Amino acid sequence: MRHSITSRIFGALVLLLCSSALYAQNDLIVGQYIHNQFAINPAFAGSRDGLTFFGSWRKQWQGIENTPTSLLFTAHAPLKRENLTLGLQVWNQKIHQSKNSGAAAEIGYRFRTGKLGWMSFALLPGVSIRNTDWTKVHLIDDGDEAFSENEQNINPTLGFGMAWYGRKFFLGVSVTSLFLSDDFDTRKAEFNPADAQYVATGGYLFTIGDIGIQPSAMATYSSKNDIDATGTLTGIWRNFIWVDAAYTTKNEMSFGAAVQALPQLRVAYNYGFVTGDLSKYNNGSHEISIQYDLVYRVKTVAPRFY
C-alpha cells in the first residue's frame, strides 16, 4: 500500500513537471525560442547568413526544490556553397533524480524562393544520455528495492525540420525526434513517428519607422499531449532593444527583454510564470541567453528572430 501511494505521488510530480515543458529534444525546456528558432527546428540553420553561437541557462519554477535546470548550446552556419547548412546542438538538463544530456548534428539543404527568401529542409541525428539515480527519491518505505538503483540509458535521436523564411517572415514545421523512449522504461528508444512531438511556428514583422512589431505563434502536438499553443508579441526599437510577451494554453505567461550590446552580440532575459494554483508555490522561471554572430553585420535590412 505504501509503495502504491509513493509511486502515485512521485508519478504525479513528474507528470506535473513535464506538462510545462517546451521540447527542443525529447524533453529539453526552451523558453527563448523566439531568439533561437534553430533550437526547435533544424531547418533554420544558416538563416542568419553567418556562423551563429547561442548559449542559454534556464531554471524552471524557482522556489520549488529539484525543478528542471537546463543548459543549451547551439551553433549553425551556411557553408561556402550557401545551399548547404551545418549545425550543432548540445544540451544538459537536470530534473530531481534524472540528468539528460546529449548532442546532435544538423545537415540541411536550402534554395531561394525568388526575392522572398529561402526554403529549407534539415535532418538532426544525435544521441541522448539519461542517468537516473532512484536513490534520491524520498520514500515512505525506505526498503523499496525498485528505488535502490542507478540507471543509464543511451538512445539515438532523429529530428527533422522544414522552413520557409525571409527578411520579414518565417514559417516552420519540425519533429523533435522520431525515436522515442519512456523515462520509466529501461528498453531502448524505438522509431515511433506516430507518437512523436511535432512543432509548427510562424511570424511576420511589421515596421513603422524605427519600431518593429512581430506577432508570432507556436503550436506543439503529440498523440499523448494533444495541442499546446503559444502566442508571442515582440517589439523592437532600432534593432537595439527587444521586448516580448507570450501566453500559452497551459495558463503560462512570460515576458522578455534583449539588448543588442554589439553588432554581433545579443543578450536576453526571460521571466515566466504560471497563472493557476501552482503560482502559489514558486517564484517563476528564469532564462538567460547570449547570442554571437561571427560576422560584423548580419546581412538583412530587418531584424530576425531565428
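This is a predicted model: local features need pLDDT of at least 70, side-chain atom pairs count only at pLDDT 80 or more; totals for chains, interfaces and linings use all residues.
**The whole chain, for orientation.** Residues are numbered from 1 along each chain as its sequence is written, and side-chain values use heavy atoms, with hydrogens and water left out. The chain has one helix and 17 strands (DSSP runs numbered from the N terminus: H or I of at least four residues for helices, E of at least two for strands). Of its 306 residues, 46% count as buried (under 20% relative accessible area; exposed is over 50%, partly exposed in between; 1.4 Å probe, protein chains only).

**Close-up 1: the two faces of β12.** In a regular strand the side chains alternate between the two faces of the sheet. Strand β12 spans residues 211–222, and its covered face carries Gly212, Gln214, Ser216, Met218, Thr220 and Ser222. On the uncovered face sit Ile211, Ile213, Pro215, Ala217, Ala219 and Tyr221.

Close-up 2: Strand β10 (residues 198–204) pairs with β12 in the antiparallel sense over six bridges (strands pair if DSSP finds at least two bridges between them). Here Tyr198 has Tyr221 of β12 as its bridge partner. β11 and β12 make a hairpin with two residues between them, and Gly209 in the turn has a positive phi of about 65 degrees.

**Close-up 3: β12 with β13.** Twelve bridges hold the antiparallel pairing of β12 and strand β13 (residues 226–237). Look for Gly212 opposite Ile236 of β13. The hairpin joining β12 to β13 runs through three residues.

**Close-up 4: a nonpolar patch.** About 990 Å² of nonpolar surface patch is made by Tyr204, Phe206, Ile208, Ile211, Ile213, Leu233, Trp237, Phe240, Ile241, Val243 and Val259. Patch residues have over 30% relative accessible area and no salt bridge; like charges are joined within 9 Å, nonpolar side chains (Val, Leu, Ile, Met, Phe, Trp, Tyr) within 5 Å. A salt bridge puts a side-chain nitrogen of Lys or Arg within 4 Å of a carboxyl oxygen of Asp or Glu. Ile211, in strand β12, is partly exposed at a relative accessible area of 45%.

Key. Accessible areas come from the Shrake-Rupley method with a 1.4 Å probe; for residues, only the protein chains shown count as cover.
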